[in-house]
Amino acid sequence: MCAFAVAQDRSTHATPPNASTAIYITHVAVIDTETGQEAQDRTVIISGDRISEVRDSKGLKAPAGKTVVDLRH
């Protein structure tokens, strides 16, 4: 599994996600930059220029037509 570090912008001025351009980066390890804790096998969903969601990859299916980057070895 690849490691993929992300930091989520928690400001109230975030641009609303654009669902039509969402990119699903699947099967990554996400490191919480505040606590250092690692979450395995996650999907990072990027909408526009923002991380819109981080979810468990197990059982997750991207909607048809979305870009999926699968980082499993």
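Me: Okay, among contacts between residues at least 6 apart in sequence, what share join residues at least 24 apart?
Reply: That share is 53% for this chain. Keep in mind that this is a predicted model.

Me: And how many helices and strands are there?
Reply: The chain has 0 helices and 5 strands. Read from the N terminus, the order is β-β-β-β-β.

Me: Got it. What percentage of the residues count as buried?
Reply: Of the 73 residues in the chain, 19% do. As for the surface, the chain exposes about 5100 Å², with carbon and sulfur atoms supplying 50% of that.

Me: Let's look at S2. Is it mostly covered or mostly open?
Reply: S2 is mostly covered, with 7 of its 9 residues buried. The strand spans residues 23-31, and His27 is in it.

Me: Which strands does S2 pair with?
Reply: One partner is S5 (residues 67-70), where the pairing is parallel and uses 4 bridges. In that pairing, Ile25 stands opposite Val69 in S5. S2 is also joined to S3 (residues 38-47), by 6 bridges and in the antiparallel sense.

Me: Now S3 and S4. Do they run parallel or antiparallel?
Reply: S3 and S4 run antiparallel, joined by 6 bridges. Ile45 shows up here too, with Glu53 in S4 as its bridge partner. The hairpin of S3 and S4 has 2 residues between the strands, and Gly48 takes a positive phi near 65°.

Me: What does the His27 side chain touch?
Reply: The His27 side chain makes a polar contact with the side chain of Asp41, at 2.6 Å. Asp41 is in strand S3.

Me: Is Asp41 buried or partly exposed, then?
Reply: Asp41 is partly exposed, at 23% relative accessibility. There's something about the backbone of this pair, too. His27 has a phi near 60°, a positive value in a residue other than glycine. Asp41 isn't a glycine either, and its phi is positive at about 50°.

Me: New topic: salt bridges. How many are there?
Reply: The count comes to 4 salt bridges. One of them is between the side chains of Arg42 and Asp56, at 3.9 Å from N to O. This pair links distant parts of the chain, with Arg42 in S3 and Asp56 in S4, 14 residues apart.

Me: Why would side chains pair up like that?
Reply: Side chains of opposite charge can pair when their charged atoms come close.

Me: How accessible are Arg42 and Asp56?
Reply: Arg42 is partly exposed at 24% relative accessibility, and Asp56 is partly exposed at 40%.

Me: Which residue does Arg55 form a salt bridge with?
Reply: Arg55 forms one with Glu53, the closest N and O atoms being 3.4 Å apart. Arg55 is partly exposed at 37%, and Glu53 is partly exposed at 34%.

Me: And what about Arg50, which residue is its salt-bridge partner?
Reply: Arg50 forms a salt bridge with Asp49, with 4.0 Å between the closest N and O atoms. Arg50 is partly exposed at 26% relative accessibility, whereas Asp49 counts as exposed at 65%.

Me: Last one: how far apart are Ile51 and Ile23?
Reply: Ile51 and Ile23 are 28 residues apart in sequence, and their C-alpha atoms are 9.5 Å apart in space. Ile51 is in S4 and is partly exposed, with a relative accessible area of 23%.

Key:
Residues are numbered from 1 along each chain as its sequence is written. This is a predicted model: local features need pLDDT of at least 70, side-chain atom pairs count only at pLDDT 80 or more; totals for chains, interfaces and linings use all residues. Side-chain values use heavy atoms; hydrogens and water are left out. Buried means under 20% relative accessible area, exposed over 50%, partly exposed in between (1.4 Å probe, protein chains only). Contact means heavy atoms within 4.5 Å. Accessible areas come from the Shrake-Rupley method with a 1.4 Å probe; for residues, only the protein chains shown count as cover. A polar contact is a pair of N or O atoms within 3.5 Å; within protein, one must be able to donate a hydrogen and the other to accept it, and residues adjacent in sequence count only if both atoms are side-chain atoms. Two strands pair if DSSP finds at least two bridges between them.
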